[in-house]
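This report goes through selected parts of one structure, section by section. Keep the sequence and the 3D view open while reading.

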Amino acid sequence: MVLTKRAIISVGMVALLLAACGGTKTGGGADVPNDADSQPKKPITLYMLQDGATISDEEFANLIAAPVKAKYPHITVEMVRNKNGSNGLSELISSGNFPDFMFITMLQIKAHRDLGTTEDLTPYIQKFGMNLNRFDPAAIQTSRVFGESDNLYAVPFSLNFLALFYNKDLFDRFGVSYPKEGMTWQDAIQLASKFARTENGVEYKGLMTNAIADMSTQLSLPRVDPATKKALINTDGWKKVAEIIQSINAIPGNKGANLDHFLKTQTLAMVASYDARFAALEKLHGTPEQFNWDVTQFPSHPERPNTSFQSTGHFLAVSALSKYKNEAFQVIQLLTGEPIQTTITENGRFTALSNETIKNKYGANMKSMQGKNIKAVFRSSFAPPYRPTSYDPLTNAPLNDAVKNIVDGGMDVNTALRQAEEAANRAIEAEMQAKK
């Protein structure tokens, strides 16, 4: 999320604190080792690859570069953005100038493992005494699963979480009770149906949620069988998710609900989505477009109560091609320590640590967050991650086509998913043949 001026000041204060501490460990386990060598060190520049995970130039300057310079005056960090996907990574590798560490998503952990550009962090964790127990366990599990190894190839920097955002003005206007903690998807759909109305030519909508790919992670649904290389998207679990999406869109007037209906026209009552929505609501604060909103716990399945999607977020990894692997790891260690993690949490990124004191500071420096029911959101735990394969991306288009056929074409769920699985298998077979 974009930092405010207040956030920048906070980061600056943290940087001064780090400089004043002289690199000692900070309370609760920042795990930054003391520098044994007091002699001036040779200046170096470390390049951070931004690949998939979102970070603004302002966030990089204040959350990454400034704290590193304060702690390690001899290290300058610069960012390289990958704007060309897999082709961009190939170009960086062939150039011989691949960056020193990476800011990536869980999907990119696997991509870089396949390319051989990620370093096993185990020796560095042992050498520099990083305590993995400080991190959110689901995030560490996600890293291991997507790294396809018992080794660890990335540590989490910040996490995404899920919440049910709702427009209190609309609930008050239409006399509908606010959404509660512990709701199932069927509860949410029933509540959303109470907003199916048109008044004075304005059509109101009840609920918007995520795409089928995200929704499936709540049930930890695999996409492709690792052994047979066959798609697994025509199963009871995928049918359950597709039926929820079908039911949401079947509410009269609800089809096509999007964020503009929630943030701009303010004709949408609820959004079940990621915490990124907080940044947009912060921008509305103090403007004529500001409205009365709140959050509560994300809806769940009856068989998995208090469970949201799988853990996602932004991870940090050391490049296997770097000349400065020790220094890159020490930078990562600094960025995942408590001072920086506290600052990012206060300003809208959620900590990757399991520290409840830090978690409770979420949004402390965001004006729009004051008085919101944020604690209800954290009643949900992340779902266990599914085991990915290299062929998973080939299921995306067929799954999206299936949803379109169900929502817009009126196709039954069984037929749509059967066709999607057949299309995915054709795509997988074609790629396997191309690799021979």
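## The open sheet

Two strands are said to pair if DSSP finds at least two bridges between them. The model shown here is predicted. In it, strand β7 (residues 202–208) and β8 pair in the parallel sense over 3 bridges. One of the residues involved is K205, whose bridge partner in β8 is L268.

These strands belong to an open sheet of 5 strands, with the order β6-β7-β8-β5-β9 and mixed pairing. At its edges are β6 (197–199) and β9, each of which pairs on one side only. From one strand to the next, the twist averages 30°. Helix α8 (residues 185–192) lies across β7 and β8, and runs at about 155° to β8.

## Helix α12 and what follows it

Helix α12 (residues 277–284) is mostly covered, with 6 of its 8 residues buried. The buried residues are R277, F278, A279, L281, E282 and L284. Just after α12, G286 takes a positive phi of about 80°.

K367 is found in the loop between α15 (356–359) and α16 (374–377). Is K367 buried or exposed? Its relative accessibility is 57%, so K367 counts as exposed. Leaving aside neighbours within four places in sequence, K367 is in contact with E282 and H285. K367 and L281 are 86 residues apart in sequence, and their C-alpha atoms are 9.9 Å apart in space.

## Helices α4 and α6

Two packed helices are described by the angle between their axes and the distance between the axes. For helix α4 (residues 106–115) and α6, the axes come within 8 Å and cross at roughly 35°. The crossing of α4 and α6 is right-handed. On the α4 side, M106, L107, I109, K110 and R113 take part, and they meet T142, S143, F146 and G147 in α6. The residues of this contact divide into 4 nonpolar, 3 polar and 2 charged.

## Two buried loop residues

L152 is placed in the loop between α6 (137–147) and β4 (155–160). L152 counts as buried because its relative accessibility is 1%, and the cut-off for buried is under 20%. Apart from neighbours within four places in sequence, L152 is in contact with E119, D120, L121, T122, I125, L132, I140, S143 and R144.

S311 has its place in the loop between β10 (307–310) and β11 (312–318). With a relative accessibility of 0%, S311 counts as buried. Not counting residues up to four places away in sequence, S311 touches M106, A138, A139, T142, L159, F382 and A383.

In soluble globular proteins, nonpolar side chains tend to be buried together. In this model, the largest nonpolar core has 63 residues, and those with the most contacts inside it are I64, F101, F165 and F278. Helix α13 (residues 325–335) gives the most to this core, with 6 residues. There is also a second, separate core of 48 residues, which includes A188, L191, I212 and I428.

Technical notes
Residues are numbered from 1 along each chain as its sequence is written. This is a predicted model: local features need pLDDT of at least 70, side-chain atom pairs count only at pLDDT 80 or more; totals for chains, interfaces and linings use all residues. Side-chain values use heavy atoms; hydrogens and water are left out. Helices (H or I, at least four residues) and strands (E, at least two) are DSSP runs, numbered from the N terminus. Buried means under 20% relative accessible area, exposed over 50%, partly exposed in between (1.4 Å probe, protein chains only). Contact means heavy atoms within 4.5 Å. Axes are lines fitted to C-alpha atoms, for helices over the stretch in contact, and angles run from 0 to 180 degrees between N-to-C directions. A crossing is left-handed if the near helix is turned anticlockwise from the far one by less than a right angle, and right-handed if clockwise. Ala, Val, Leu, Ile, Met, Phe, Trp, Tyr, Cys and Pro count as nonpolar, Asp, Glu, Lys and Arg as charged, and the others, Gly among them, as polar. A nonpolar core is a set of buried Ala, Val, Leu, Ile, Met, Phe, Trp, Tyr and Cys residues joined through side-chain atoms within 4.5 Å.
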